[in-house]
Amino acid sequence: MSATPKPGLSTLAIHAGEARQKIGDAITDAIICASTYTFTSTQAVIDFIEQKQEREEYGRYGNPGEKVVEKKLAALEGGEEAILYASGMAAIVGLLMAKLNAGDEVVFFDECYHRSREFCTKHLSRFGVVTRQVRACDYDAMAAAINPNTKLLISESPTNPHLSVVDLARFADLGRRHKVETLIDATLGTPYNIRPIEFGIDYVLHSATKYLGGHNDLLAGVIIGSKSKLEDVRKLRGIMGAINGPHNIYLLERGLKTFELRMQRHNENGQAIAEFLAAHPRVERVYYPGLKAHPYYELARQQMRGYGGLVTFLVKDADWRQTANIVDSTKIARIAPSLGGVESLIEQPLVMSYYEIPTEDRQRFGIPDNMIRLSCGIENTEDLIADLAQALGAK
Ligand SMILES: *Cc1c(COP(=O)(O)O)cnc(C)c1O
């Protein structure tokens, strides 16, 4: 008998984690609306507590749909265990709360999602955890920030909105050499485009609200890693209660079925739009790792399969109002925060995320007035390009 080939991402996205024969002989999983689960006898309770039987107990600790989606996500990422949360932020908060004690330190690359950094600097600080931030992709600065109290190194890859690409092998090695665990928020990359676990990263985090759910209709988050490392994280989630309702879980399971197909189109659209923008006379600069001019192009080529749907660009000689006019002139992309869904979304980071941030801080974060961030959906490429072309004609 020949060895069974390793299943592809679509096969995993469609079948992994699911029972072959399901409730009611249905092809799809049931949405089980139950706050609690019944036992047939006292002995059945005892058997469950003594772990002789795997089953549900109470809704805060999990539900059957969640188990399916967790297995699916672990399979897609190539990790042992996945823990599902109510949002990406709930996932990172859950991991950090489980792993860090008073006196511990975390080091971030500074292009990480601002709410993740804010949780550390404003809230974990109240519990005696110290947060250090160094320039994204400055590995020497990160090494210098590590001391005997350091417990976790955190980065995103690619980062948002600058699409910087972290050298995952180097990042993982930095952690290993200093005996510090590593976390990569791979929301923008997705398991289609980057595989952090294969580079030795300990924890991979996704806002499943974005590409994994993929339809702009749900919030969820996930952490993937080894079973042993995630045991305490799962226990804390059972206490936090940051779980998904059964309908939300079903939406995620359904969205995941087309994950690979969607990513292929997101990648195609991202690349085509980035190339179109790079050649456009009104565009000063494009941030997209699939462009040769991008500072991380070579690294991205070695480490990624595609570069996703997020494209950031600067409008040439435009003030914030002229930039806003371009955003307002698009007819397909909708103005909204978020990314990774089938609908294209467009926004001006200055207005959407940094309106209340002091100018000098904004400049330090590299968010100029003339920056636009476009999350390419899966509409037809020609239509997105035609729409951008007419919007860039706006004065
Ligand atoms: C959106 C996002 C988050 C937060 O996820 P939510 O699901 O909105 O809580 C974290 N990291 C990145 C990179 C994101 O884009």
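This is a predicted model: local features need pLDDT of at least 70, side-chain atom pairs count only at pLDDT 80 or more; totals for chains, interfaces and linings use all residues.

Residues are numbered from 1 along each chain as its sequence is written, and side-chain values use heavy atoms, with hydrogens and water left out.

Which residues surround the ligand? The shell consists of Ser-87, Gly-88, Met-89, Tyr-113, Glu-156, Asp-185, Thr-187, Ser-207, Thr-209, Lys-210, Ala-220 and Leu-339, where a residue is near if one of its heavy atoms lies within 4 Å of the molecule. By class, four are nonpolar, five polar and three charged; here Ala, Val, Leu, Ile, Met, Phe, Trp, Tyr, Cys and Pro count as nonpolar, Asp, Glu, Lys and Arg as charged, and the others, Gly among them, as polar.

Oxygen atoms of the ligand lie 2.8 Å from a backbone N or O atom of Met-89, 2.8 Å from a polar side-chain atom of Ser-207, and 2.7 Å from a polar side-chain atom of Lys-210. The ligand taken alone exposes 380 Å², of which the protein buries 92%; these areas come from the Shrake-Rupley method with a 1.4 Å probe.

Ser-207 belongs to strand 6, residues 203-207, strands being DSSP runs of E with at least two residues and helices runs of H or I with at least four, numbered from the N terminus. Its relative accessible area is 10%, so Ser-207 is buried (under 20%; exposed is over 50%, with a 1.4 Å probe and protein chains only). Beyond its neighbours within four places in sequence, Ser-207 contacts Gly-88, Thr-187, Ala-220 and Gly-221, a contact being heavy atoms within 4.5 Å.

I turn now to the helices. In helix 10 (residues 246-256), Ile-249, Leu-252, Glu-253, Gly-255 and Leu-256 are buried. These residues fall within an arc of 165° seen down the axis, so they line one face of helix 10; the arc is taken from the directions from the helix axis to the C-beta atoms. Their cover includes helix 1 (9-15), helix 3 (64-77), strand 1 (81-85) and helix 11 (259-278).

Finally, Asn-101 sits in the loop between helix 4 (88-99) and strand 2 (105-109), and is exposed, at 51% relative accessibility.

Definitions and conventions:
A polar contact is a pair of N or O atoms within 3.5 Å; within protein, one must be able to donate a hydrogen and the other to accept it, and residues adjacent in sequence count only if both atoms are side-chain atoms.
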